[in-house]
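Colleague: I am new to this one. Could you take me through it, one question at a time?

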Amino acid sequence: MSEALFDRLGGEAAVNAAVDIFYRKVLADDRINRFFDGVDMDKQAAKQKAFLTMAFGGPNNYTGEDMRKGHAHLVERGLNDSHFDAVVENLGGTLKELGVADDLIGEVAAIAETTRNDVLGK
Amino acid sequence: MPTIVFEGQDYQCEPGESVLDCLTRQGVSVNYSCKAGVCQSCMMVATEGEPTPASQVGIKETLKAQGHFLICSCVPETDMQVAVPDRAGSSFDTTVLSLHKLNADVVRLRLMRPDNYDYLPGQFLGLVNDTGVTRSYSLASVPGLDDFLELQIRHVPGGQVSGWVVEKLQAGDTVTISQAAGQCSYLPGREAQSLLLVGTGTGLAPLVGVARDALQQGHNGPIHLYHGSSTVEGLYLVPELVAMDEANAAFHYHPCVSQGTPPQGMQSGRAADVALEDFARLSGWRVFLCGREDMVRTLQKKTFLAGASMTDIFADPFVNLAVA
């Protein structure tokens, strides 16, 4: 089922089309961009790509443990539900800009949602 | 079946097996995540043998040209030797051809290009001094145009390598350099694209290499080179770059001075700010940024937000300048 979503979205080409738009939205969003200050942008873009692949229902080996470890330093700096919501909003905005139908955007948001507790260290 | 050589050990592939599966099956610990050629966390470089085309989809062009590939997506057709990027280096001995002062602080060092020394303009190499200390310097020369290697070295007060270059090194001396690395290079294709090159200090060196290489390869889109310094005296190669501007319709040289009133033909302000004032929309541009780390990191973000794609921004921050 999730493989099918990845294909319906357009697979890897869709991820490539989305990554610049999504990352630009995130960096321009004053609610969350402070969490990206001082990061290596090339490495960060690769992480965004891996995240989008996962959220698009594509192949991934993410584990809850990775998510917790990867975001623990941000949780210490105050990362909370409002910031997670902002990222999901930017994700939806990106897909809308790419002309993706609302029901597919809903499926992507639902996959992203499954990571919330791990990302926020709950 | 093909053999994979990794960190000096041989690993036999099973039929249809990827390089990643071959290594992990035999107990080698390597980075990976998606196993689908998307996340790029398993990227390695092939030092011998050809990566398959499928294993280079989506990789930055400059890295592709250097043999980078995704081991999860490569079912090898031939034997390969692979390495984690940046650990593939080897060293070369070569001869100093000349030393020449470009301004009060910057020295041009030309070295004989060793046989089989491959590099792309805009890459950097490690230069080893007489006590074994290594510092990285960018190449300003272009294979095909120059038969020497050229470095532009700023004399840092107390600098162990730059001080040695300025005070001790002489034409005819033998020095040790490392293999060139880095991905701030021009690659052919899209020759009508607009190019933005911004550098401070000796960040000019790789950018001059990139600009000359682009012209040599027939680039016909506009190439805008911004070189910044606080004072006119901090700039260098000004007459040469003015001449290059006059000789090439596609090439535009923008010297920038941030303190005082600049002389005619120069722009006032920091190079990064002036460039973004001149070109506020950068969708479709290719961008090269070299020099002070804070300038490069800031401008990388600003040019991305101005519309340049991440895959079209090539940044080479000079780190640890204080100890250079």
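Colleague: In what order do the six strands of the open sheet in chain B lie?
Modeller: This is a predicted model. In it, six strands of chain B form an open sheet. The pairing is antiparallel. Neighbouring strands are turned by 40° against each other on average, direction ignored. The order is S9-S8-S11-S6-S7-S10.

Colleague: Which strands stand at the edges of that sheet?
Modeller: An edge strand here has a single partner strand, so one side of it is left without a neighbour in the sheet. In chain B that describes strand S9 (134-138) and S10.

Colleague: How many residues does the hairpin from S6(B) to S7(B) pass through?
Modeller: Strand S6 covers residues 91-101 of chain B, and strand S7 covers residues 106-112. They pair in the antiparallel sense over five bridges. Lys101(B) stands opposite Val107(B), and His100(B) stands opposite Arg108(B). The hairpin joins the two strands through four residues.

Colleague: What is the bridge partner of Arg108(B) in S10(B)?
Modeller: S7(B) also pairs with strand S10 (residues 148-154) of chain B. Seven bridges join the two, which run antiparallel. In S10(B), its partner is Gln152(B).

Colleague: Which strands are at the edges of the five-stranded sheet in chain B?
Modeller: This open sheet has the order S2-S1-S5-S3-S4, and its pairing is mixed. The twist averages 40° from one strand to the next. Each edge strand pairs on one side only. They are strand S2 (9-12) and strand S4 (68-70) of chain B.

Colleague: How far apart are the centres of domain 1 and domain 3 of chain B?
Modeller: The assignment for chain B gives domain 1 (3-83), domain 2 (91-178) and domain 3 (195-319). The centres are taken over C-alpha atoms. For domain 1 and domain 3 of chain B, the separation is 36 Å.

Colleague: Where does the largest nonpolar core lie?
Modeller: This core has 60 residues. Leu151(B), Leu207(B) and Phe288(B) are among those with the most contacts inside it. Helix H4 (residues 204-216) of chain B gives the largest share, seven residues. Both domain 2 (91-178) and domain 3 (195-319) of chain B give residues to the core, so it lies between these two domains.

Colleague: Which residues does Leu207(B) contact, leaving aside its neighbours within four places in sequence?
Modeller: Leu207(B) is one of the residues with the most contacts inside the largest core. Leu197(B) and Phe288(B) are also among them. With sequence neighbours left aside, the contacts of Leu207(B) are Leu197(B), Gly199(B), Leu225(B), Phe288(B) and Cys290(B).

Colleague: How many residues are in the second, separate core?
Modeller: Chain A comes in here. The second core includes Phe6(A), Val15(A), Leu52(A) and Ala55(A). Its count is 25 residues.

Colleague: Is Lys49(A) buried or exposed?
Modeller: Lys49(A) sits in helix H3 (residues 41-55) of chain A. Glu12(A) is 37 residues away in sequence, yet 9.6 Å away in space, C-alpha to C-alpha. A residue with 20 or more C-beta neighbours within 10 Å is buried. Lys49(A) has 24, so it counts as buried.

Colleague: And Asp102(A), is that buried or exposed?
Modeller: Asp102(A) lies in helix H6 (residues 102-113) of chain A. Its C-alpha atom is separated by 8.8 Å from that of Gly92(A), 10 residues apart along the chain. With 9 C-beta neighbours inside 10 Å, Asp102(A) counts as exposed.

Colleague: How many nonpolar residues has the side of chain B that touches chain A?
Modeller: In all, 15 residues of chain B are in contact with 18 residues of chain A. By class, the chain B side has six polar and two charged residues. Its nonpolar residues number seven.

Key. Residues are numbered from 1 along each chain as its sequence is written. Chains are lettered from A and ligands numbered from 1 in the order in which they are written. This is a predicted model: local features need pLDDT of at least 70, side-chain atom pairs count only at pLDDT 80 or more; totals for chains, interfaces and linings use all residues. Two strands pair if DSSP finds at least two bridges between them. Axes are lines fitted to C-alpha atoms, for helices over the stretch in contact, and angles run from 0 to 180 degrees between N-to-C directions. Two residues are in contact if their C-beta atoms, placed from the backbone, lie within 7 Å. Ala, Val, Leu, Ile, Met, Phe, Trp, Tyr, Cys and Pro count as nonpolar, Asp, Glu, Lys and Arg as charged, and the others, Gly among them, as polar. A nonpolar core is a set of buried Ala, Val, Leu, Ile, Met, Phe, Trp, Tyr and Cys residues joined through C-beta atoms within 7 Å. A residue is buried if 20 or more other C-beta atoms lie within 10 Å of its own, exposed if 12 or fewer, and partly exposed in between; C-beta atoms are placed from the backbone. Domain bounds come from an automatic or database domain assignment.
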